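Please walk through this model with the sequence at hand.

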Amino acid sequence: MIRVITDMEDKHLYSNFDYDSALSVQQGVKQPDQVSLNYIERVRAKRAQEPSVEELVAGIRHADRTLLSRAITLVESSLHAHQKKAQEVIERCLPYSGKSVRLGITGVPGAGKSTTIEALGKMLTAHNHKVAVLAIDPSSERSKGSILGDKTRMEELSVDPNAFIRPSPSAGSLGGVARKTREIITLCEAAGFDVVIVETVGVGQSEVAAHSMVDFFLLLQLANTGDELQGIKRGIMEMADMIAINKCELDMQRSELAAAQFRNALHLFPMPESGWTVKVSLCSAYTKQGLEELWNDVMDYVTFTKGNGYFYHKRQQQSLRIMTEAIESGLRDRFYNTPGIEERMKELEQQILENKLTPYAAADQLLDS
């Protein structure tokens, strides 16, 4: 016979139940929050302690790497508040900038740019130079992310007390050069670095942006990459102030032949505006061969162009170019931030897909609005 327990009996039973008994069901363990409260407090405390403009400038002037890195992070940030603060820092650092030699290094992928920079940087720091390396890392067109791992290729230089290496994402900028690289150069110069090396992504014949921010443009080449016809192609060959055939230790005979072919090709080019005769040399970042001669050629170029005034003229033209690019970038940002422009674009995009409007007419309507 089964006895049914009534509601009153059920309540009485559970009211007298001993919860310390082993037969009772214990309450579950309280789960922690999704985000640690301690972490949130640390982040808030860190934001509250963000250095002021005066502290950043003072830290940069005293070569404080931590504050220099934080200032560069501000420059690279896309937040409006960060940009405003970064511009204040840059303006205060301008009087202390412009005293370095800016060297741009480019070349095809695999030409040995990172290895050459490390070998050259170690040689310069041994001669009491302070070297800043701005390594531009290509950004993915799909994920928009970058590896930023060039420091791993420069193991010795990255721990050198007289060197500073900063990888930056290209973020789709022209020529594989980060948009903010020019501002970062100003900060590094204000921090006392007398040699600034800009390593580009190495996309071939479109390194216009890199050429517009450095004093000396070095093109690294390899033997067996083409014939005389490849050498006389316009583009990056016309911008190079020096061509170095790297990895010459692998095959000296072929490297010398490649150097001779490039010299013949350069004779067909008109004389550059600087009046400098472009040199072709052999070097090896692995055996350190030719690096001393390479740096001597850089300094000869600086002395030569300062003597005829082209060095200062080029820097003035670079400043004007920065202003033009800033105007174009500002116009683009203001256009996309205009209230209602996003909805209007969607309407016109639909008309384009339905063949009711041409893309050019749609663009004109958006610009007019």
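Is the crossing of H3 and H4 left-handed or right-handed? The model is a predicted one, and in it H3 and H4 cross in the left-handed sense. Helix H3 covers residues 53–61 and helix H4 covers residues 65–76. Their axes come within 8 Å, and the crossing angle is roughly 125 degrees. H3 is therefore oblique to H4, since an angle has to be over 145 degrees to count as roughly antiparallel and 65 to 115 to count as roughly perpendicular.

On the H3 side, the contact is made by Glu55, Leu56, Gly59 and Ile60. H4 contributes Leu67, Leu68, Arg70, Ala71 and Leu74. By class, the residues of this contact are six nonpolar, one polar and two charged.

Is Pro51 buried or exposed? Its relative accessibility is 8%, so Pro51 counts as buried, the limit being under 20%. When neighbours within four places in sequence are set aside, Pro51 is in contact with Leu56, Leu67, Arg70 and Lys85. Leu56 of H3, together with Leu67 and Arg70 of H4, also takes part in the contact between the two helices. Pro51 and Arg70 are 19 residues apart along the chain, and their C-alpha atoms are separated by 8.8 Å.

Strand E6 consists of residues 242–245. Which strands run alongside E6? One is strand E5, residues 216–221, which is parallel to E6 and joined to it by four bridges. Another is strand E7, residues 279–282, which also pairs with E6 in the parallel sense, over four bridges. Within these pairings, Gln221 stands opposite Ile245 of E6, and Ala244 stands opposite Ser281 of E7.

Both faces of E6 are covered. Met242 and Ala244 are buried on one side, and Ile243 and Ile245 are buried on the other.

Last, the chain as a whole. The protein chain contains 16 helices and seven strands. It has 369 residues, of which 41% count as buried. Taking contacts between residues at least 6 apart in sequence, 74% join residues at least 24 apart.

Note on methods:
Residues numbered from 1 in each chain as written. Predicted model: local features only at pLDDT ≥ 70, side-chain atom pairs only at ≥ 80, totals over all residues. Heavy atoms only, no water. Axes fitted to C-alpha atoms, helices over the stretch in contact; angles between N-to-C directions. Parallel < 35°, antiparallel > 145°, perpendicular 65-115°, else oblique. Left-handed = near helix turned anticlockwise from the far one by under 90°. Contact = heavy atoms within 4.5 Å. Nonpolar A, V, L, I, M, F, W, Y, C, P; charged D, E, K, R; others polar. Buried < 20%, exposed > 50% of the residue type's maximum accessible area, 1.4 Å probe, protein only. Pairing = 2+ DSSP bridges.
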